[in-house]
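Hi,

Here is the model I promised to pass on.

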Amino acid sequence: MTWNYAYTPGIWPSFLTVLLLIPLSIYSWRRRSVPGALPFSMGCMFAALWAAGSVMELVSVDAATKVFWFKFQGAWRLPAITAITCFVLEYAWPGRWLTRRNLALLSIPLLLAWGLILTNNLHHLAWRGFAYEGKVVPLRGPVNWLFFAYGYALGVANLVVLAWLFLRSSQHRWPVVIMVTGQIVGRGLYLLEAAEVLRIAPPLDVPPMAFEYLTYAVALFGFRIFDPVPLARRTAIEQMHAGMLVLDAQGRVASLNPAAERILGAPAGSARGQPVRKLLPAYPDEQLAENEETEIEVSLPGGHQDGVGAGQEVRHYTLTISLLNDFRGLAVGRLLMLRNVTLQKRAQAQLVEQQRTLATLQERERLARELHDSLGQTLAAAHLQASSARLLLARGETDQTDEYLERIADMAIDAEADVREYLLGARTVLSADLPFFPALRQYIQRLSQQYDLQVKLAAPPQLEAQGLDPAVEVQALRIIQEALSNVRKHARAHGASVSFSVAGSLVQIAIVDDGQGFDPAALAGQLGNGYGVQSMRERAEAVGGRLEVRSQPGQGTRVEVQVPMGERWGDTETRRRSGWQMGI
């Protein structure tokens, strides 16, 4: 063997394959903490030695040198194939399939192959001989064919493992498709070359390795399946209780997590590609959704098992909509987050009901004191008048007796009216089933029917839907009842109106009548007894509000009350993010 070499252009495919495989081997070695990277690095190194042997065979001049390098290549074929099998096993199930025992079993054929290649001149079991027809043509021995079949059996095992991984893990499907494509193309071309079906120069036994190993590298490192950061993100998204939907620029569902599937009752396969309004009718209009972030409350019918709030009852969610922008700032989609707040809504409703009950009890105590002061004084005065009438009657002064009896009758009529009005007010009880505005509307309707006094009620729809703080509602209701009672008793009015408006964090209530009016300054000392203004003012101040009375003789009376909205409303930003802004 003379070891003579000469340049030939046919070396470049194999030489470029070496240049690709060596950096891949180094890169994989540095990333050997990634499951599968270490056996892949070894496979790249073995394949690089295989390709280097191909380069040396092509530049060799004499036949003996070419045979040597052909044998050199044969020594690294089976190690390269075995290393790829180890890579596939570790990639499919890290730490489970590539055990020390399995690694030892896979190493036995390699040691046998190396031993037979080194001692082939003694037994010719690997190659019976070689012919040279412009290239080395081996005369394979029985063991060579056995190892050839073993190598392809490992390839079939790789395909079985990858098929199992494709069926079991959705996130591995694209990497599996890429690896299977590379393996089929690479092994197929090598088989065609080995069977001499293809007779072209340069030979196709080495260059397909570049494509095959490149697909393995893309599957292992390109998808970052074993990177803990994106893996943690995927796990968190899959395990989170909040529903997450990703929409494309056209408002179609691009992805959703398992929680969103349970909330919407739609499997991911059928939900993808559907317009979001089909799955979530409460999705807001485009103008609202164009904000950087929008948060609204939505209600969904029961029936889907999404954990809290499951069953047939209505479930409540906060829907947060965020824009997804690319590096240019252009909107490419939206992120929707659905958080179940059914329990919070229940707790809030229970708290409101407890506050309302407490306010009602406090109001009953206040009304009892007012009845003791007003009705008690009336009955005491009637008792004095009756005693005086008896004395006058005993003395025979019938004219004065008749006058006292007439006073007693008027007092009884006034007392009856007060008791009837108290009962009318007491029947108006706020509850979860009868909120503030329906209760107030019911009271005004009964008052109008009982006393032939036409009263109109006006309030913004948003305010009616939201309501007020329970303590504020109770006091506002009693202030309105007291003001309308004064209209009935003293104003001689034909009609009245109760109107609500919102100014910032305050609710303004105006009770206006078309009665005879009065001079507030002239009656300042009698307001507490005559019109109950002092009682109304105390009620307003009890909840942090204020009250003002405006009137002139012959021009009616206007009672203005300002009370806070309470904690149930929150600040302006909260109402803006809730999807509407009160217009005043």
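**Salt bridges and other finds**

R550 and E548 join their side chains in a salt bridge, at 3.3 Å from N to O. By salt bridge I mean a side-chain nitrogen of Lys or Arg within 4 Å of a carboxyl oxygen of Asp or Glu. Before you go further: this is a predicted model, where local features need pLDDT of at least 70 and side-chain atom pairs count only at pLDDT 80 or more, while totals for chains, interfaces and linings use all residues. Residues are numbered from 1 along each chain as its sequence is written, and side-chain values use heavy atoms, with hydrogens and water left out.

Back to that pair. R550 is partly exposed, with a relative accessible area of 43%, and E548 is partly exposed too, at 30%. (Buried is under 20% relative accessible area, exposed is over 50%, and partly exposed is in between, with a 1.4 Å probe and protein chains only.) Both residues belong to a network of salt bridges that links R546, E548, R550, R558 and E560.

The whole structure has seven salt bridges. For reference, helices (H or I, at least four residues) and strands (E, at least two) are DSSP runs, numbered from the N terminus. K345 is partly exposed at 27% relative accessible area, whereas E297 is exposed at 55%. There is also a bridge between the side chains of R252 and D248, 3.3 Å from N to O; R252 is partly exposed, at 35%.

**Helix α20**

Which residues of α20 are buried? In this helix (residues 533-542) they are V533, S535, M536, R539 and A540. They lie on the same side of α20, because they cover an arc of only 160 degrees around the axis. That arc is taken from the directions from the helix axis to the C-beta atoms. E541 and A542 are exposed on the other side of α20. Just after the helix, G544 has a positive phi of about 80 degrees.

Two residues are worth a click here. H124 has a phi near 55 degrees, which is positive although the residue is not a glycine. H124 sits in the loop between α5 (120-123) and β1 (127-132), and is partly exposed at 38% relative accessibility. D452 also has a positive phi, about 55 degrees, and is not a glycine. You'll find D452 in the loop between α16 (436-451) and β8 (454-458), where it is exposed at 63%.

**A charged patch and a buried Phe**

D399, D402, E406 and D410 form a negative surface patch. Patch residues have over 30% relative accessible area and no salt bridge, and like charges are joined within 9 Å. Asp and Glu count as negative, with the charge placed at CG of Asp or CD of Glu. Of these residues, E406 is found in helix α15 (residues 398-427).

Last one: F147, in helix α6 (residues 142-168), is buried at 18% relative accessibility. F147 and R77 are 70 residues apart along the chain, and their C-alpha atoms are separated by 9.9 Å.

Cheers

Key. Patch = residues over 30% accessible without salt bridge, like charges linked within 9 Å, V, L, I, M, F, W, Y side chains within 5 Å. Areas by Shrake-Rupley, 256 points an atom, 1.4 Å probe, with all protein chains shown as cover.
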